[in-house]
Amino acid sequence: MMTINTIKQFFWNKIQKNLFFLLLALVVTACTGKSTFKIGSFKTTTGWGYTIASRDRVLIKQSIIPVINQTKSFRTEKDALKVGNLVIEKLNKDLSPTVTKNDLILLKIKF
């Protein structure tokens with residue numbers, strides 16, 4: 001009888017250690033896991049726009065240059081992606097994805 005209890009305790013201790021490491025790994029993964037955003041570009045009738053998706057769901061579809069008083073698309077795909085990457089940068093920092101006119105100037109977006 002004594003050996004059975006010792007064996008049970010041995011395995012119970014092993015299971016507890018493994019559960020502890022499994023829980024620790026899950027907590028670390030949950031704390032460090034950042035949501036990943038994917039950027040895409042698309043052609044509009046007058047230029048370019050961008051989309052930002054997370055987990056295969058489009059969160060933002062921007063077909064016009066934000067902030068300016070006119071309804072214009074980005075002149076080039078590169079410009080659309082620059083602004084889209086800025087928005088992703090803001091989202092990753094838990095900031096508002098709002099783009100300002102100053103952001104457009106700093107990114108050298110022509111409008």
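This is a selection-by-selection tour of the structure.

The model is predicted: local features need pLDDT of at least 70, side-chain atom pairs count only at pLDDT 80 or more, and totals for chains, interfaces and linings use all residues. Residues are numbered from 1 along each chain as its sequence is written, and side-chain values use heavy atoms, with hydrogens and water left out.

**The sheet**

Begin with strands E1, E2 and E3, which make an open sheet in the order E1-E2-E3 with antiparallel pairing. Strand E1 (37–43) and E3 are the edge strands, each with a single partner, so one side of each has no neighbour in the sheet. Direction ignored, neighbouring strands of this sheet are turned by 25° against each other on average; the axes are lines fitted to C-alpha atoms, for helices over the stretch in contact, and angles run from 0 to 180 degrees between N-to-C directions. Helices (H or I, at least four residues) and strands (E, at least two) are DSSP runs, numbered from the N terminus. Two strands pair if DSSP finds at least two bridges between them.

Select E1 and E2 together. They pair in the antiparallel sense over seven bridges and form a hairpin with four residues between them.

Now select E2 (residues 48–54) with E3. Five bridges join these antiparallel strands. Ile52 stands opposite Ile60 in E3, and Ala53 stands opposite Val58 in E3. In the hairpin of E2 and E3, with two residues between the strands, Arg55 takes a positive phi near 55°.

Colour E2 by accessibility next. Six of its seven residues are buried, where buried means under 20% relative accessible area, exposed over 50%, and partly exposed in between (1.4 Å probe, protein chains only).

Go to Ile64, in the loop between strand E3 (57–62) and helix H2 (77–92). With a relative accessible area of 32%, Ile64 is partly exposed. Leaving out residues up to four places away in sequence, Ile64 touches Thr71, Lys72, Ser73 and Phe74; contact means heavy atoms within 4.5 Å.

**Two salt bridges**

Side chains of opposite charge can pair when their charged atoms come close. A salt bridge is a side-chain nitrogen of Lys or Arg within 4 Å of a carboxyl oxygen of Asp or Glu, and the count by this rule is two.

Select Lys90 and Asp103, whose closest N and O atoms are 2.8 Å apart in a salt bridge. This pair links distant parts of the chain, with Lys90 in helix H2 and Asp103 in helix H3, 13 residues apart. Are Lys90 and Asp103 buried or exposed? Both Lys90 and Asp103 are buried.

Then select Lys93 and Glu89, a salt bridge with its closest N and O atoms 4.0 Å apart. Lys93 is exposed, at a relative accessible area of 54%, whereas Glu89 is partly exposed at 44%.

**Positive phi beyond the sheet**

Move to Asp94, in the loop between H2 and helix H3 (101–106). Asp94 has a positive phi of about 60° although it is not a glycine, and it is exposed at 71% relative accessibility.

End at Lys108, in the segment after H3. Its phi is also positive, near 60°, in a residue other than glycine. Lys108 is exposed, with a relative accessible area of 66%.
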